[in-house]
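Here is a short note for someone opening this entry for the first time. Please keep the model in view while reading the points below.

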Amino acid sequence: MSNTVTVSQLNFYIRSILEENPVLNNIFVVGEISNFKYYSRSGHMYLTLKDEAAQLKAVMFSNSAQRLKFTPEDGMRVICRGRISVYDKDGVYQLYIEDMQPDGAGALSKAFEQLKDKLSNEGLFSEEHKKSLPLFPQKIGVATSNIGAAVEDIKNIINRRFPLCELVIAPTVVQGEQASRDIVNSIKLLDNIDDIDIIIVGRGGGSIEDLWAFNTEEVARAVYNCKTPVISAVGHETDYTICDFVADTRASTPSAAAEIAVPDIEEIKEKLNKYNNFISSYLSHRIDFEYQRLDNVINKSNFSAIDDYFNKFFDVLTLRNNELINAFENKIQNCSNKISFASGKLNALSPLSVLSRGYSIVHKDDEVVKSVNELSKDDKIKVTLNDGSAICTVNEVKNEQ
(Lines give C-alpha, C1' and ligand atoms only; values in the text may rest on other atoms or scores of the structure.)
Protein backbone atom coordinates (compact mmCIF):
# COMPACT_ATOMS: atom_id res chain seq x y z
CA MET A 1 0.00 0.00 0.00
CA SER A 2 1.38 3.38 -1.01
CA ASN A 3 0.16 5.24 2.12
CA THR A 4 1.91 3.00 4.63
CA VAL A 5 4.42 4.56 7.03
CA THR A 6 6.77 3.19 9.62
CA VAL A 7 6.17 3.59 13.30
CA SER A 8 9.11 5.97 13.56
CA GLN A 9 7.75 8.05 10.66
CA LEU A 10 4.34 8.24 12.30
CA ASN A 11 5.72 9.23 15.66
CA PHE A 12 7.91 11.83 14.03
CA TYR A 13 4.94 13.18 12.08
CA ILE A 14 2.75 13.42 15.18
CA ARG A 15 5.59 15.08 17.10
CA SER A 16 5.98 17.65 14.34
CA ILE A 17 2.27 18.45 14.44
CA LEU A 18 2.32 18.86 18.20
CA GLU A 19 5.44 21.00 18.24
CA GLU A 20 4.11 23.28 15.51
CA ASN A 21 0.94 23.99 17.47
CA PRO A 22 1.50 27.35 19.25
CA VAL A 23 -0.97 26.43 22.01
CA LEU A 24 0.90 23.24 22.87
CA ASN A 25 4.31 24.85 22.50
CA ASN A 26 3.87 27.02 25.61
CA ILE A 27 1.18 25.57 27.80
CA PHE A 28 0.46 25.66 31.57
CA VAL A 29 -0.75 22.43 33.13
CA VAL A 30 -2.07 21.99 36.67
CA GLY A 31 -1.89 18.60 38.33
CA GLU A 32 -0.76 16.45 41.20
CA ILE A 33 2.66 14.83 41.09
CA SER A 34 2.97 11.06 41.24
CA ASN A 35 5.68 8.54 40.40
CA PHE A 36 8.30 11.25 40.94
CA LYS A 37 11.87 10.17 40.18
CA TYR A 38 15.03 12.24 40.38
CA TYR A 39 18.28 10.98 38.89
CA SER A 40 21.12 12.75 40.65
CA ARG A 41 23.68 11.63 38.11
CA SER A 42 21.97 13.29 35.17
CA GLY A 43 19.92 15.84 37.14
CA HIS A 44 16.75 14.91 35.17
CA MET A 45 13.33 14.61 36.82
CA TYR A 46 10.58 12.25 35.66
CA LEU A 47 7.02 12.37 36.95
CA THR A 48 3.36 11.96 36.17
CA LEU A 49 0.81 14.76 36.45
CA LYS A 50 -2.69 13.64 37.26
CA ASP A 51 -6.11 14.86 38.25
CA GLU A 52 -9.30 13.01 39.18
CA ALA A 53 -9.83 11.64 35.66
CA ALA A 54 -6.55 11.47 33.74
CA GLN A 55 -2.77 11.54 33.86
CA LEU A 56 0.07 12.94 31.77
CA LYS A 57 3.70 11.88 31.71
CA ALA A 58 6.23 14.65 32.11
CA VAL A 59 9.97 15.20 32.21
CA MET A 60 12.09 18.11 33.43
CA PHE A 61 15.69 18.10 32.22
CA SER A 62 18.59 19.20 34.40
CA ASN A 63 19.07 22.63 32.81
CA SER A 64 15.53 23.54 33.92
CA ALA A 65 15.47 21.47 37.14
CA GLN A 66 18.50 23.19 38.62
CA ARG A 67 16.60 26.48 38.69
CA LEU A 68 13.93 25.13 41.03
CA LYS A 69 13.81 26.68 44.51
CA PHE A 70 11.98 23.67 45.98
CA THR A 71 12.03 19.89 45.69
CA PRO A 72 9.02 18.29 43.97
CA GLU A 73 7.33 15.48 45.89
CA ASP A 74 4.61 12.94 45.27
CA GLY A 75 1.20 14.35 46.14
CA MET A 76 2.30 17.95 45.59
CA ARG A 77 -0.04 20.00 43.41
CA VAL A 78 1.94 22.09 40.92
CA ILE A 79 1.60 24.38 37.94
CA CYS A 80 3.95 23.39 35.13
CA ARG A 81 4.89 25.44 32.09
CA GLY A 82 6.29 23.65 29.06
CA ARG A 83 5.60 22.11 25.69
CA ILE A 84 3.82 18.97 24.51
CA SER A 85 5.80 16.58 22.34
CA VAL A 86 6.21 12.91 21.60
CA TYR A 87 9.01 10.69 22.78
CA ASP A 88 9.59 8.84 19.52
CA LYS A 89 10.90 5.66 21.10
CA ASP A 90 7.75 4.99 23.14
CA GLY A 91 5.28 6.81 20.96
CA VAL A 92 3.90 8.52 24.05
CA TYR A 93 3.25 12.19 24.16
CA GLN A 94 4.41 13.98 27.30
CA LEU A 95 4.94 17.37 28.82
CA TYR A 96 8.50 18.71 28.68
CA ILE A 97 8.55 20.99 31.71
CA GLU A 98 10.57 24.20 31.61
CA ASP A 99 9.30 25.74 34.86
CA MET A 100 7.35 24.49 37.86
CA GLN A 101 5.66 26.32 40.74
CA PRO A 102 3.70 24.95 43.67
CA ASP A 103 0.01 25.56 43.23
CA GLY A 104 -1.25 27.84 46.01
CA ALA A 105 2.12 28.61 47.58
CA GLY A 106 5.13 30.24 45.98
CA ALA A 107 8.18 28.18 45.11
CA LEU A 108 10.34 30.07 47.58
CA SER A 109 7.80 29.61 50.34
CA LYS A 110 7.61 25.92 49.59
CA ALA A 111 11.38 25.60 49.52
CA PHE A 112 11.57 27.47 52.80
CA GLU A 113 9.14 25.09 54.50
CA GLN A 114 10.84 22.01 53.05
CA LEU A 115 14.31 23.04 54.22
CA LYS A 116 12.96 24.18 57.57
CA ASP A 117 11.34 20.79 58.17
CA LYS A 118 14.44 18.93 57.04
CA LEU A 119 16.86 20.85 59.26
CA SER A 120 14.47 20.82 62.20
CA ASN A 121 14.22 17.03 61.98
CA GLU A 122 18.03 16.86 62.00
CA GLY A 123 18.12 18.89 65.21
CA LEU A 124 19.80 22.03 63.81
CA PHE A 125 17.23 24.25 65.54
CA SER A 126 17.48 22.51 68.91
CA GLU A 127 18.02 24.77 71.92
CA GLU A 128 20.58 22.40 73.39
CA HIS A 129 22.98 23.26 70.58
CA LYS A 130 22.67 27.02 70.98
CA LYS A 131 25.55 28.89 72.59
CA SER A 132 25.11 31.77 75.00
CA LEU A 133 26.49 35.21 74.24
CA PRO A 134 29.35 36.59 76.37
CA LEU A 135 28.37 39.50 78.62
CA PHE A 136 31.32 41.71 77.73
CA PRO A 137 32.61 40.87 74.22
CA GLN A 138 35.97 42.35 73.30
CA LYS A 139 35.79 41.70 69.55
CA ILE A 140 32.78 41.14 67.26
CA GLY A 141 32.87 39.87 63.68
CA VAL A 142 30.26 41.08 61.21
CA ALA A 143 29.46 39.22 57.99
CA THR A 144 27.48 41.65 55.85
CA SER A 145 27.87 44.11 53.03
CA ASN A 146 30.47 46.75 53.86
CA ILE A 147 28.24 49.45 52.37
CA GLY A 148 24.71 50.43 53.27
CA ALA A 149 22.69 51.22 56.35
CA ALA A 150 23.02 47.84 58.07
CA VAL A 151 26.75 47.95 58.67
CA GLU A 152 26.67 51.64 59.60
CA ASP A 153 23.91 51.03 62.14
CA ILE A 154 25.94 48.23 63.73
CA LYS A 155 29.05 50.42 63.91
CA ASN A 156 27.23 53.40 65.42
CA ILE A 157 25.28 51.44 68.02
CA ILE A 158 28.25 49.40 69.27
CA ASN A 159 30.45 52.50 69.40
CA ARG A 160 27.78 54.29 71.44
CA ARG A 161 26.86 51.44 73.76
CA PHE A 162 30.22 49.75 74.33
CA PRO A 163 33.16 51.59 72.73
CA LEU A 164 35.62 49.14 74.34
CA CYS A 165 34.55 46.52 71.78
CA GLU A 166 36.42 46.11 68.48
CA LEU A 167 34.61 45.36 65.21
CA VAL A 168 35.94 43.13 62.42
CA ILE A 169 33.95 43.58 59.21
CA ALA A 170 34.05 40.79 56.62
CA PRO A 171 32.68 42.43 53.43
CA THR A 172 30.09 39.99 52.11
CA VAL A 173 27.82 39.69 49.07
CA VAL A 174 24.35 39.27 50.58
CA GLN A 175 22.15 39.09 47.48
CA GLY A 176 22.30 37.21 44.20
CA GLU A 177 23.45 33.81 42.98
CA GLN A 178 26.89 33.98 44.62
CA ALA A 179 25.65 35.36 47.93
CA SER A 180 25.22 32.04 49.73
CA ARG A 181 28.78 30.94 49.02
CA ASP A 182 30.15 34.34 50.02
CA ILE A 183 28.19 34.32 53.29
CA VAL A 184 29.58 30.86 54.10
CA ASN A 185 33.14 32.00 53.38
CA SER A 186 32.76 35.07 55.60
CA ILE A 187 31.36 33.00 58.47
CA LYS A 188 34.25 30.53 58.25
CA LEU A 189 36.78 33.36 58.01
CA LEU A 190 35.49 35.08 61.14
CA ASP A 191 35.08 31.81 63.02
CA ASN A 192 38.76 31.02 62.48
CA ILE A 193 39.83 34.22 64.26
CA ASP A 194 40.50 32.99 67.80
CA ASP A 195 39.70 36.15 69.75
CA ILE A 196 36.36 36.96 68.11
CA ASP A 197 33.63 36.55 70.74
CA ILE A 198 30.46 36.96 68.62
CA ILE A 199 29.62 36.84 64.90
CA ILE A 200 26.74 38.90 63.50
CA VAL A 201 25.40 37.61 60.16
CA GLY A 202 22.81 39.61 58.29
CA ARG A 203 21.65 42.39 56.05
CA GLY A 204 18.90 44.98 55.75
CA GLY A 205 15.35 44.30 54.66
CA GLY A 206 14.05 43.25 51.28
CA SER A 207 11.77 40.83 49.49
CA ILE A 208 11.94 37.09 50.02
CA GLU A 209 14.01 36.89 46.86
CA ASP A 210 16.43 39.50 48.22
CA LEU A 211 16.85 37.56 51.48
CA TRP A 212 16.95 34.13 49.88
CA ALA A 213 20.73 33.62 50.34
CA PHE A 214 20.05 33.29 54.09
CA ASN A 215 17.52 30.51 53.41
CA THR A 216 19.97 28.10 51.85
CA GLU A 217 21.16 24.84 53.37
CA GLU A 218 24.84 25.70 52.98
CA VAL A 219 24.47 28.90 55.02
CA ALA A 220 22.41 27.08 57.64
CA ARG A 221 25.08 24.40 58.11
CA ALA A 222 27.88 26.95 58.21
CA VAL A 223 26.09 28.76 61.05
CA TYR A 224 25.38 25.50 62.85
CA ASN A 225 29.01 24.35 62.64
CA CYS A 226 30.33 27.70 63.87
CA LYS A 227 32.19 27.42 67.20
CA THR A 228 31.64 31.15 67.84
CA PRO A 229 28.16 32.29 68.98
CA VAL A 230 26.19 33.65 66.01
CA ILE A 231 23.53 36.35 65.96
CA SER A 232 21.31 36.25 62.86
CA ALA A 233 20.04 39.69 61.85
CA VAL A 234 18.33 39.42 58.48
CA GLY A 235 15.78 41.89 57.16
CA HIS A 236 13.08 43.56 59.22
CA GLU A 237 11.31 42.44 62.38
CA THR A 238 8.68 40.42 60.50
CA ASP A 239 11.22 38.64 58.27
CA TYR A 240 12.28 35.14 59.27
CA THR A 241 14.96 33.10 57.53
CA ILE A 242 16.43 29.63 57.99
CA CYS A 243 19.55 31.37 59.29
CA ASP A 244 17.44 32.84 62.13
CA PHE A 245 16.34 29.39 63.27
CA VAL A 246 19.85 27.89 63.23
CA ALA A 247 21.66 30.83 64.83
CA ASP A 248 22.33 30.94 68.56
CA THR A 249 20.37 34.21 68.82
CA ARG A 250 17.95 35.87 66.43
CA ALA A 251 17.75 39.67 66.16
CA SER A 252 14.87 41.37 64.41
CA THR A 253 17.18 43.82 62.60
CA PRO A 254 20.93 44.52 62.29
CA SER A 255 20.45 47.41 64.74
CA ALA A 256 18.80 45.07 67.22
CA ALA A 257 21.72 42.65 66.80
CA ALA A 258 24.14 45.38 67.87
CA GLU A 259 21.94 46.14 70.88
CA ILE A 260 21.89 42.47 71.85
CA ALA A 261 25.60 41.88 71.28
CA VAL A 262 26.98 44.47 73.70
CA PRO A 263 25.92 45.95 77.03
CA ASP A 264 25.29 49.67 77.54
CA ILE A 265 28.36 51.12 79.25
CA GLU A 266 26.29 53.92 80.83
CA GLU A 267 23.97 51.36 82.40
CA ILE A 268 27.02 49.48 83.70
CA LYS A 269 28.39 52.66 85.29
CA GLU A 270 25.02 53.39 86.86
CA LYS A 271 24.76 49.87 88.27
CA LEU A 272 28.31 50.02 89.63
CA ASN A 273 27.54 53.30 91.37
CA LYS A 274 24.40 51.78 92.91
CA TYR A 275 26.35 48.72 94.04
CA ASN A 276 29.08 50.91 95.48
CA ASN A 277 26.59 53.04 97.42
CA PHE A 278 24.75 49.96 98.62
CA ILE A 279 27.94 48.24 99.78
CA SER A 280 29.22 51.38 101.52
CA SER A 281 25.90 51.86 103.29
CA TYR A 282 25.68 48.20 104.20
CA LEU A 283 29.21 48.09 105.62
CA SER A 284 28.66 51.26 107.62
CA HIS A 285 25.47 49.92 109.17
CA ARG A 286 27.02 46.52 109.72
CA ILE A 287 30.02 48.02 111.54
CA ASP A 288 27.73 50.10 113.75
CA PHE A 289 25.63 47.04 114.46
CA GLU A 290 28.68 44.95 115.41
CA TYR A 291 29.94 47.72 117.69
CA GLN A 292 26.59 47.71 119.44
CA ARG A 293 26.75 43.94 119.79
CA LEU A 294 30.25 44.21 121.24
CA ASP A 295 29.13 46.83 123.76
CA ASN A 296 26.23 44.62 124.76
CA VAL A 297 28.51 41.62 125.19
CA ILE A 298 30.92 43.65 127.35
CA ASN A 299 28.14 45.06 129.50
CA LYS A 300 26.49 41.68 129.99
CA SER A 301 29.67 39.70 130.70
CA ASN A 302 32.73 39.73 132.98
CA PHE A 303 34.73 41.83 130.55
CA SER A 304 34.15 44.90 132.72
CA ALA A 305 35.78 43.07 135.71
CA ILE A 306 38.71 42.22 133.45
CA ASP A 307 39.02 45.91 132.61
CA ASP A 308 39.17 46.74 136.34
CA TYR A 309 41.80 44.04 136.85
CA PHE A 310 44.00 45.42 134.12
CA ASN A 311 43.40 49.01 135.24
CA LYS A 312 45.00 48.14 138.61
CA PHE A 313 48.11 46.96 136.78
CA PHE A 314 48.09 50.13 134.72
CA ASP A 315 47.94 52.18 137.97
CA VAL A 316 50.90 50.29 139.44
CA LEU A 317 52.85 50.71 136.24
CA THR A 318 52.10 54.43 136.25
CA LEU A 319 53.33 54.72 139.85
CA ARG A 320 56.51 52.79 139.11
CA ASN A 321 57.09 54.90 136.05
CA ASN A 322 56.77 58.13 138.07
CA GLU A 323 59.15 56.77 140.74
CA LEU A 324 61.74 55.92 138.11
CA ILE A 325 61.45 59.39 136.58
CA ASN A 326 61.88 61.06 140.01
CA ALA A 327 64.85 58.84 140.89
CA PHE A 328 66.46 59.58 137.57
CA GLU A 329 65.95 63.34 138.00
CA ASN A 330 67.43 63.21 141.58
CA LYS A 331 70.43 61.30 140.28
CA ILE A 332 71.00 63.93 137.63
CA GLN A 333 70.71 66.74 140.20
CA ASN A 334 73.27 65.08 142.52
CA CYS A 335 75.68 64.63 139.67
CA SER A 336 75.17 68.26 138.66
CA ASN A 337 75.94 69.46 142.22
CA LYS A 338 79.13 67.39 142.34
CA ILE A 339 80.25 68.81 139.04
CA SER A 340 79.61 72.36 140.28
CA PHE A 341 81.63 71.76 143.45
CA ALA A 342 84.58 70.27 141.57
CA SER A 343 84.45 73.12 139.11
CA GLY A 344 84.75 75.65 141.96
CA LYS A 345 87.79 73.91 143.41
CA LEU A 346 89.44 73.76 140.00
CA ASN A 347 88.71 77.42 139.42
CA ALA A 348 90.36 78.36 142.72
CA LEU A 349 93.52 76.57 141.69
CA SER A 350 93.53 77.96 138.19
CA PRO A 351 96.44 80.30 137.26
CA LEU A 352 93.95 82.56 135.65
CA SER A 353 92.22 82.99 138.96
CA VAL A 354 95.56 83.99 140.54
CA LEU A 355 96.23 86.49 137.79
CA SER A 356 92.82 88.04 138.34
CA ARG A 357 93.92 88.98 141.87
CA GLY A 358 96.93 91.10 140.62
CA TYR A 359 99.63 88.51 140.17
CA SER A 360 101.63 87.86 137.00
CA ILE A 361 103.67 85.07 135.40
CA VAL A 362 107.21 85.58 134.01
CA HIS A 363 108.41 83.49 131.03
CA LYS A 364 111.95 83.28 129.71
CA ASP A 365 112.52 81.38 126.55
CA ASP A 366 108.95 79.99 126.93
CA GLU A 367 109.77 78.61 130.35
CA VAL A 368 108.16 79.84 133.56
CA VAL A 369 110.69 81.71 135.73
CA LYS A 370 110.47 80.41 139.26
CA SER A 371 113.53 82.16 140.79
CA VAL A 372 115.55 85.35 140.29
CA ASN A 373 118.55 83.11 139.97
CA GLU A 374 117.28 82.17 136.55
CA LEU A 375 117.51 85.79 135.35
CA SER A 376 120.45 87.94 134.30
CA LYS A 377 120.82 91.57 133.34
CA ASP A 378 119.61 92.37 129.86
CA ASP A 379 117.50 89.13 129.62
CA LYS A 380 114.34 89.39 127.49
CA ILE A 381 111.32 88.19 129.45
CA LYS A 382 107.54 87.93 128.92
CA VAL A 383 105.28 89.10 131.72
CA THR A 384 101.69 87.64 131.54
CA LEU A 385 99.00 89.60 133.33
CA ASN A 386 95.25 89.05 133.80
CA ASP A 387 94.33 90.99 130.66
CA GLY A 388 97.41 90.52 128.46
CA SER A 389 101.23 90.29 128.40
CA ALA A 390 104.32 92.52 128.06
CA ILE A 391 107.86 91.96 126.73
CA CYS A 392 110.48 93.42 129.09
CA THR A 393 114.27 93.72 129.50
CA VAL A 394 115.94 92.96 132.86
CA ASN A 395 117.92 95.98 134.01
CA GLU A 396 118.94 94.62 137.38
CA VAL A 397 118.62 91.35 139.36
CA LYS A 398 118.20 91.51 143.14
CA ASN A 399 118.29 88.48 145.32
CA GLU A 400 116.60 89.29 148.63
CA GLN A 401 117.51 86.10 150.42
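**Notes on the model**

1. Cysteine 80 is buried, at a relative accessible area of 0%. Buried means under 20% relative accessible area, exposed over 50%, and partly exposed in between (1.4 Å probe, protein chains only). Cysteine 243 also counts as buried, with 0% relative accessibility.

2. A word on the basis. This is a predicted model, where local features need pLDDT of at least 70, side-chain atom pairs count only at pLDDT 80 or more, and totals for chains, interfaces and linings use all residues. Residues are numbered from 1 along each chain as its sequence is written, and side-chain values use heavy atoms, with hydrogens and water left out.

3. How many disulfides does a search of the whole structure find? The count is zero. A disulfide here is a pair of cysteine sulfur atoms within 2.5 Å. For cysteine 243, the closest cysteine sulfur belongs to cysteine 226 and lies 10 Å away, too far for a bond.

4. Arginine 81 sits in strand β4 (residues 77-87). Helices (H or I, at least four residues) and strands (E, at least two) are DSSP runs, numbered from the N terminus. Arginine 81 is partly exposed, at 25% relative accessible area. Leaving out residues up to four places away in sequence, arginine 81 touches Asn26, Ile27, Phe28, Tyr96, Ile97, Glu98 and Asp99. Contact means heavy atoms within 4.5 Å. Between arginine 81 and aspartate 99 there are 5.2 Å in space, C-alpha to C-alpha, and the two are 18 residues apart in sequence.

5. Helix α5 (residues 149-161) and helix α9 (residues 254-261) have axes that come within 8 Å and cross at roughly 25 degrees. Axes are lines fitted to C-alpha atoms, for helices over the stretch in contact, with angles from 0 to 180 degrees between N-to-C directions. The two helices are therefore roughly parallel. Angles under 35 degrees count as roughly parallel, over 145 as roughly antiparallel, 65 to 115 as roughly perpendicular, and the rest as oblique. On the α5 side, the contact includes Ala150, Asp153 and Ile154; on the α9 side, Pro254, Ser255, Ala258 and Glu259.

6. Helix α6 (residues 179-191) packs with helix α7 (residues 217-224) at about 10 degrees, their axes 9 Å apart. That makes α6 roughly parallel to α7. Ser180, Arg181, Ile183, Val184 and Ile187 of α6 meet Glu218, Val219, Ala222 and Val223 of α7.
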